[in-house]
Amino acid sequence: MPAGIKTVELLLGVTGSIAAYKALELVRLCRRDNWGVTVVMTRSACRLVGVESFRTLTGRPVARELFPRERIFSSPVEHIDLATRPDIIVIAPATANIIGKLAHGIADDLLATLLLAIPEEKVRQGRVLFAPAMNENMWRNRIVQNNVARLTELGFRFILPAEGELACGVTGTGRMAEPATIFAHCQSALANIPRLSGVSALVTTGRTEEPIDPVRIITNRSSGLLGVEIARHFAIAGARTRLIAGAVSVPLPADAIRVRTTREMADAVARFLPETDILVMCAAVADYQPAETAGDKYHAKQLTLKLKRTPDILTLVARRKNPPLLVGFSLDNSLNRAKDKLRHKHLDLIVANPVETAGSEMIKPTLLFRSGRTQRLPELTKPDFARELVKVVAQLFNNNSEQPSLRKKTKKG
Ligand SMILES: Cc1cc2nc3c(=O)[nH]c(=O)nc-3n(C[C@H](O)[C@H](O)[C@H](O)COP(=O)(O)O)c2cc1C
């Protein structure tokens, strides 16, 4: 593989699906982070998307032949080097054909051969990922599903296709995951986040709104970005993830559960609690609500509002007999107040953030654990912190899950 200062070496296998054009965007995302990318294309892929586009974006030759007329890499046995040198291998899009060939040990072209030559350890580490793309009937075909199950059992990871408009003109499941999602899965695989398959995670995000009258509200500046990112990383780690969202300033996944007030958020948390293993309360809930809400808009020149405390969701949760692993947030410049909250609300972990974090792109958190351990993190973007947090929580959960009170409440999936 050509030399150069690169942070991560990715091998991208592109196979014969219409979605092959989306692989160009994946390359762009990787190159933006200075990853070195080598592309291997199948013959069918070359019919559907231009080799030159990949060559230009990666700045490298594109490997296509098992017996190339001219060697494009310096090594004598190219397919072995291609399989062993990269940090991570992604097949995007992955056809039914390449999945079937690998599941049955067929090595009849460059990509299929190098997939068989990947060291087992890399597969076990979850660093070989497939992003399937195909017509819905193909994806649901039991032969394809059996092949996927067989490879999953061996440690290959699948970034499941989404529902949407397919190249064949119908709407259904089989559309390749978006390049940004595939890139996030790669980052997670490289971060060695422990797998959370069969674990159920519930994340709250955004800000709650307490009505003063039919048009006015009490709220705060939380954007909801951090909770959305935390939920995304739990899902990437394999957890069955639910997101409960108040008002937010960022796009939400389609299956997010929407609430407005703190009371509604408390009710939604209570509804899903019996089947939750990990609860991350990232939402900025209003601490106070008007003691009375006017039925009509206030017009008075001066207004004195009487406020009362909103329901304390964490205390309600901690009182339960079999609480999940509990993670809370404290937006406060005092670490002592965060420590008090950790103790009084029986949390397993609290993330203490300075008040400037609200609505900002960055976060400078300190993690305080129930055990008394303190971990200061450097200033991070919210997506980067979300990934780190999910890693810490996954380790905590896996260590604690020997305790009867923290055994998984959901079946392994
Ligand atoms: C226009 C076109 C689009 C195709 N799209 C897909 C697809 O999305 N998924 C798939 O599994 N096969 C698709 N196929 C079929 C594959 O290209 C075919 O099975 C081929 O043998 C795959 O070879 P490969 O896996 O070596 O790339 C498509 C074929 C054509 C002609």
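**Ground rules.** I number residues from 1 along each chain, as its sequence is written. Since the model is predicted, local features need pLDDT of at least 70 and side-chain atom pairs count only at pLDDT 80 or more, while totals for chains, interfaces and linings use all residues.

**Domains.** I looked up the domain assignment and found domain 1 (9-190) and domain 2 (200-406); such bounds come from an automatic or database assignment. Taken over C-alpha atoms, the centres of the two domains are 37 Å apart. I then checked the contacts (C-beta atoms, placed from the backbone, within 7 Å). Four residues of domain 1 touch five residues of domain 2. On the domain 1 side, I count one nonpolar, three polar and no charged residues. For these classes, Ala, Val, Leu, Ile, Met, Phe, Trp, Tyr, Cys and Pro are nonpolar, Asp, Glu, Lys and Arg are charged, and the others, Gly among them, are polar.

I take helices (H or I, at least four residues) and strands (E, at least two) as DSSP runs, numbered from the N terminus. Strands pair if DSSP finds at least two bridges between them. I found six bridges, in the parallel sense, between β1 (residues 9-14) and β2. In that pairing L11 stands opposite T38 of β2. For axes I use lines fitted to C-alpha atoms, for helices over the stretch in contact, with angles from 0 to 180 degrees between N-to-C directions.

β11 (residues 240-245) pairs with β12 in the parallel sense over two bridges, and I244 has I257 as its bridge partner in β12.

**Helix pair.** I looked at α1 (residues 22-32) and α3 (residues 51-58), which pack at about 5 degrees with axes 10 Å apart. They are therefore roughly parallel to each other, a label that covers angles under 35 degrees. L24, V27, R28 and R31 of α1 meet S53, F54, L57 and T58 of α3. By class, this contact has four nonpolar, two polar and two charged residues.

**Ligand shell.** I found 15 residues around the ligand, the closest being T15, G16, S17, T42 and T95; a residue is near if its C-beta atom, placed from the backbone, lies within 6 Å. α2 (43-48) and α5 (96-103) each supply at least two shell residues, and α5 gives the most, with three. The shell divides into eight nonpolar, seven polar and no charged residues.

**Backbone exceptions.** Most residues other than glycine have a negative phi, and most peptide bonds are trans. I noted a cis peptide bond between A92 and P93, with omega about -5 degrees; P93 is in strand β3 (residues 88-94). N34, not a glycine, has a positive phi of about 65 degrees and lies in the loop between α1 and β2 (36-41).

Note on methods: Contact = placed C-beta atoms within 7 Å. Parallel < 35°, antiparallel > 145°, perpendicular 65-115°, else oblique.
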